[in-house]
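Here is a briefing on the structure shown below. Please read it with the model open.

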Amino acid sequence: MQTEGLTKRFGGVTAVDNVSISIVEKQFRAIIGPNGAGKSTLFNLLARHTEPTSGSIAFDGRDISNLPLHRLPSIGIGRTFQKSNLFWHLALRENIRLAVQALAVPPYRFFRSRAVPELDTAVDKILERLGMSAVADQPVATLSHGDQRLAEVAVALGGSPRLLLLDEPLAGMSPQETQRAVEIFKELAKHTTIILIEHDMDVVLHLAERITVLEMGRVIADGTGAEVQSNARVREAYLGLAPSC
Amino acid sequence: MMGIKTVAIETMSARLQSMVAWLVRYRRYCLAAAVIVLALLPLFGLQKYYVRLVMEMLTYGLWAISLDIMIGFTGLVSFGHAAFFGLGVYSTAILITKTGVSLLPALLGGVALSLVAAVLIGIVIVRLSGIAFALLTLASSMILFTVFWRWSALTGGDDGMSVPRPDLKLPGLSLNMQADTSVYWFVLAMVLLGIYLAQRVVNSPAGAALVAIRENQARAECVGYNIFRYKLLAFTISGTLAGMAGSLYVIFQGFASPDLLHWSSSGQVLIMTILGGVGTLYGPFIGAGLIVLLQDKLSSLTEHWMLPLGLIFVLVIRFLPKGLLGMVRLGSQR
Amino acid sequence: MDVDSAFWVSQVLNGLVTGTLLMLITFGLTIIFGILLVVNFAHGSLYALGAYLAATITAVTQHFWLALVLVPIVVAVVGVLIERFAIRPMRQRTVIMTLLLTFGLALIIDEVTRLIWGAAPRAVPVPELLSGAATIFGFTYPLYRLFIVALGAALALLLYLFLEKTDLGTVIRAASSDAEIVQVMGINTSLLFTCVFALGCGLAGLSGVIAAPLQTVGPSMGTDIIVDAFVVLVLGGLGSLRGTVMAALLVGQVRMLGAAVISEYSSVLTFVLMAGVLLVRPRGLLNLGRLDDGH
């Protein structure tokens with residue numbers, strides 16, 4: 001995925017300012033920055049949730065700046081939401097199934113049976129990958145917070161994405177849950193490109209191959225964990241503010 | 001004391017659950033039995049009045065089911081569903097009186113016109129949801145109501161129009177439909193066909209997509225469903241089935257009145273659907289039957305039958321939002 | 001004045017009267033939606049109830065003015081009961097479920113009205129004081145209709161002053177933009193909601209009294225008016241008083257001038273207007289409302 005001069009203004013405020021980044025296949029990229037740096041806006045631009053003021057986004061060499069939202073999964077992009085956004089009254093299994101079906105079954109099939117064995121196999125696979133088979137039949141509204149965060153990932157995986165956009169997936173998780181999620185992300189990263197927004201610096205440094213640092217909507221650094229950590233501007237703008245790092 | 005009470009409740013709920021499980025397990029047989037009883041009904045020497053009453057229950061039932069596709073399965077509450085029922089009624093009525101077609105073309109004409117109208121209206125209004133959608137369906141149905149009410153040259157206006165019942169003519173076959181029992185079988189067969197179609201839709205992959213939209217439209221879009229098209233399809237199917245119900249209604253009733261298009265008529269079918277249980281498909285059918293029966297029984301007792309109806313509706317919304325069938329099914333949900 | 005222009009002047013004036021009545025009815029709907037986020041389907045039925053009460057009070061006491069004072073209070077009390085026992089328990093439910101509930105309430109109120117007063121229409125005479133006609137610039141127009149316009153303007157002004165200049169008005173305006181703020185301010189929202197709902201219902205009753213001498217009071221009075229009131233509510237932007245004033249006056253003119261041009265189909269025009277606004281400007285003609293995507 002590449003962005004070229006991506007800019008988003010809200011009235012007089014420039015939330016994302018001329019961002020050009022490039023993420024190669026199978027890379028694990030993290031986007032960090034202090035509060036209000038424009039991470040969320042950038043994420044929403046990448047996920048086509050917000051229309052850019054100017055600039056373009058390309059995926060696989062193809063310009064997707066004007067692609068309708070519902071077409072993203074079909075070209076291989078999946079996303080999670082910062083605030084869990086699920087089919088609350090349905091079972092976890094059904095949540096994933098709906099995501100798988102969106103791509104695996106031709107659309108607008110009104111006179112076929114809903115029972116498609118291949119779908120169930122695919123759903124079971126995802127459940128197993130995330131270690132969530134035990135809670136598969138519970139309505140997601142009744143799952144624990146950590147499981148709901150993972151359910152977000154599971155639904156995103158339903159479209160077998162080649163690029164996975166993770167919006168603060170660990171927010172509010174307990175240390176044990178975080179550890180479990182980190183293991184899962186590591187496993188996913190083996191065959192998926194991942195763009196991650198996260199506050200937990202330890203996790204970011206542990207997982208990401210490359211880190212992009214935003215400040216005031218601009219990219220101020222881009223490199224490996226070590227490079228970013230030693231970058232003077234980053235230390236001043238961000239890490240300096242967080243002595244724990 | 002408390003202990004005994006909880007145990008009693010537990011045994012009761014367990015008994016209820018096993019009953020529901022039994023019903024769910026043997027639902028095919030239950031359905032088959034219901035169909036057989038309905039089919040044999042005229043042979044029991046039922047009075048003409050009651051044959052008509054059952055036909056009213058059947059057509060209203062199909063109408064309520066069609067509304068459930070929109071409310072229960074797509075999450076769109078329409079306050080103008082009378083528009084499509086009325087379109088079916090009037091297009092069939094006008095076809096019969098002006099061109100003298102036979103039974104099947106009259107029905108098909110009604111269905112086709114409601115289909116076209118549902119697509120055209122749907123394209124404009126399915127972009128909205130919630131209150132705005134409800135008010136917009138109300139507005140669009142009132143536009144149609146005014147047109148049919150005022151265009152007296154075509155529709156007879158306030159006086160309504162009498163519609164002779166045509167015979168069923170197929171190549172090499174002509175069936176006299178003047179007897180209420182003969183048309184009963186036709187209406188029953190068509191209503192069953194409609195319910196079958198609705199049932200297929202709801203249980204299809206696309207039906208699952210509609211539920212996704214009902215549950216969380218934003219997420220449904222993000223996992224790859226084209227919201228606009230799915231909503232439009234649901235709206236169209238719902239409107240077409242409602243039109244079919246309207247066509248059948250005027251065929252056996254023999255009379256079309258603009259009241260059928262008024263918003264209070266839309267409200268009535270909403271009551272049936274919600275009473276029976278939205279999202280259960282068969283619930284609204286039962287709801288429609290109950291309301292028609294209630295109206296019949298109460299209106300012979302008092303002219304104020306709307307009062308208990310209103311009370312029941314308010315109590316259902318307040319205490320039983322899942323409706324009658326929804327409550328029974330609660331225990332058996334996945 | 002020649003006959004032709006006299007006709008148009010009277011149509012415009014009739015439109016003004018219709019518009020003023022619609023405005024008064026919809027004020028109630030507007031403040032109720034603005035504060036409680038409830039679309040009250042029973043509003044038309046309360047309006048009809050007001051008209052019937054006025055018919056009885058004037059028949060018994062021969063005092064129209066007594067009805068004008070008493071009826072709004074009685075209907076407001078009915079409103080308090082509705083809010084307490086039907087609307088309040090629905091606070092956690094969706095806007096649409098509450099709309100359905102008020103639809104049921106409308107059926108109940110209509111039928112109770114019919115139970116008490118029967119199906120026969122009632123007539124309310126125009127009060128003696130206003131039974132004449134006024135002649136302005138050689139144009140004659142019924143005094144009572146002019147009174148309606150004046151009363152409507154006065155009430156609109158009063159409501160405006162109440163909302164802008166009094167403490168309670170400030171609280172109500174704050175609540176209509178953000179209910180949470182009011183809660184933070186430590187104000188009893190339950191009481192506020194009840195008051196606002198009662199005020200809205202009282203306005204429905206008042207409109208019923210005022211409208212009664214203009215028409216026969218019949219059982220379908222509420223059903224006939226509610227959809228028009230919805231049209232005004234939507235055009236005004238659901239929840240904006242200023243928008244309601246403009247929308248009501250506009251709909252009044254569309255109705256009357258439309259009736260002169262395309263006779264019976266004039267109500268189609270208003271519904272088309274309503275549909276258009278919902279589609280293109282969901283926050284109303286003046287973009288003042290509080291209807292968001294979420295609702």
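Strands E9(A) and E10(A) (residues 218–223) run antiparallel and are joined by five bridges. Strands here are DSSP runs of E with at least two residues, helices are runs of H or I with at least four, and both are numbered from the N terminus. Two strands pair if DSSP finds at least two bridges between them. This is a predicted model, in which local features need pLDDT of at least 70 and side-chain atom pairs count only at pLDDT 80 or more, while totals for chains, interfaces and linings use all residues. Residues are numbered from 1 along each chain as its sequence is written, and chains are lettered from A and ligands numbered from 1 in the order in which they are written.

- Val213(A) stands opposite Ala221(A) in E10(A).
- E9(A) and E10(A) form a hairpin with two residues between them. Met216(A), in the turn, has a positive phi of about 50°.
- E9(A) also pairs with strand E3(A) (residues 28–32), in the parallel sense, over four bridges. Here Arg29(A) stands opposite Arg210(A).
- Five of the six residues of E9(A) (residues 210–215) are buried, so the strand is largely enclosed by the rest of the structure. A residue is buried if 20 or more other C-beta atoms lie within 10 Å of its own, exposed if 12 or fewer, and partly exposed in between; C-beta atoms are placed from the backbone.

**The sheet of chain A**

- Six strands make an open sheet in the order E6-E7-E8-E3-E9-E10 (chain A), with mixed pairing.
- E6(A) (77–79) and E10(A) are the edge strands, each with a single partner strand, so one side of each has no neighbour in the sheet.
- The twist averages 15° from one strand to the next. Axes are lines fitted to C-alpha atoms (for helices, over the stretch in contact), and angles run from 0 to 180 degrees between N-to-C directions.

**Chain A as a whole**

- Chain A has nine helices and 10 strands.
- Its C-alpha atoms fill a box of roughly 60 × 40 × 30 Å, taken along the principal axes.
- A compact globule of 245 residues would have a radius of gyration near 18 Å, and chain A agrees, with 18 Å. The radius is taken over C-alpha atoms, and the globule rule is 2.2 Å times the number of residues to the power 0.38.
- Buried residues make up 42% of the 245 residues in chain A.
- Among contacts in chain A between residues at least 6 apart in sequence, 66% join residues at least 24 apart. Two residues are in contact if their C-beta atoms, placed from the backbone, lie within 7 Å.

**Pro52 of chain A**

- Pro52(A) lies in the loop between helix H1(A) (39–46) and strand E4(A) (54–59).
- Pro52(A) counts as buried because it has 22 C-beta neighbours inside 10 Å.
- Not counting residues up to four places away in sequence, Pro52(A) touches Leu6(A), Thr7(A), Lys8(A), Leu45(A) and Ser65(A).
- Pro52(A) and Ser65(A) are 13 residues apart in sequence and 8.1 Å apart in space, C-alpha to C-alpha.

**Helix H13 of chain B**

- The 20 residues of H13(B) (residues 282–301) should span 28 Å at 1.5 Å a residue, and the end C-alpha atoms are 29 Å apart, which agrees. The expected span is 1.5 Å times one less than the number of residues.
- Buried residues in H13(B) include Tyr282(B), Pro284(B), Phe285(B) and Ile291(B).
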